[in-house]
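Please look over the model below before reading my points.

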Amino acid sequence: MKQSEFQRAVDAEFGAGYGGVVVGDLVLSALGGRTAREALAAGVRPQEVWLALCEATDVPEERRHGAGRPVPGESGPPRHG
């Protein structure tokens, strides 16, 4: 997962506004007591940060893997449904 895919996944799952709050404010014990933003800045892989965020916020398993990847022929974030 690239950082851009991480951001698309966050926006698709939480919405752009609330996603920013979750990434910047939610302290994740799985990431050493850091926020997702702090972990990314410290060099933690985006996939690891995404999975920790999913675990902490109870994102269903089926929406965790492959999230954020662009769908060929579609523009915008992936849709869950």
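The numbered points below start with the model itself and then turn to its parts.

1. This is a predicted model, in which local features need pLDDT of at least 70 and side-chain atom pairs count only at pLDDT 80 or more, while totals for chains, interfaces and linings use all residues. Residues are numbered from 1 along each chain as its sequence is written, and side-chain values use heavy atoms, with hydrogens and water left out.

2. Helix α1 (residues 3-14) packs against helix α2 (residues 16-25) at an angle of about 115 degrees, and their axes are 7 Å apart. Helices here are DSSP runs (H or I, at least four residues) and strands likewise (E, at least two), numbered from the N terminus. Axes are lines fitted to C-alpha atoms, for helices over the stretch in contact, and angles run from 0 to 180 degrees between N-to-C directions.

3. From α1, Phe 6, Val 10, Asp 11 and Phe 14 meet Ala 16, Tyr 18, Gly 19, Val 22 and Val 23 of α2 (contact means heavy atoms within 4.5 Å).

4. Gly 19, Val 22, Val 23 and Gly 24 of α2 are buried (buried means under 20% relative accessible area, exposed over 50%, partly exposed in between, with a 1.4 Å probe and protein chains only). Their cover includes α1, β2, α3 (36-41) and α4 (46-57). Thr 35 lies in strand β2 (residues 34-35) and is buried too, at a relative accessible area of 6%.

5. Two aromatic pairs are found in the whole structure (ring centres of Phe, Tyr and Trp, the last by its six-membered ring, within 6.5 Å; planes under 30 degrees apart are stacked, over 60 edge-to-face, the rest tilted). The rings of Phe 6 and Trp 50 have centres 6.5 Å apart and planes at 85 degrees, so this pair is edge-to-face. Both Phe 6 and Trp 50 are buried.
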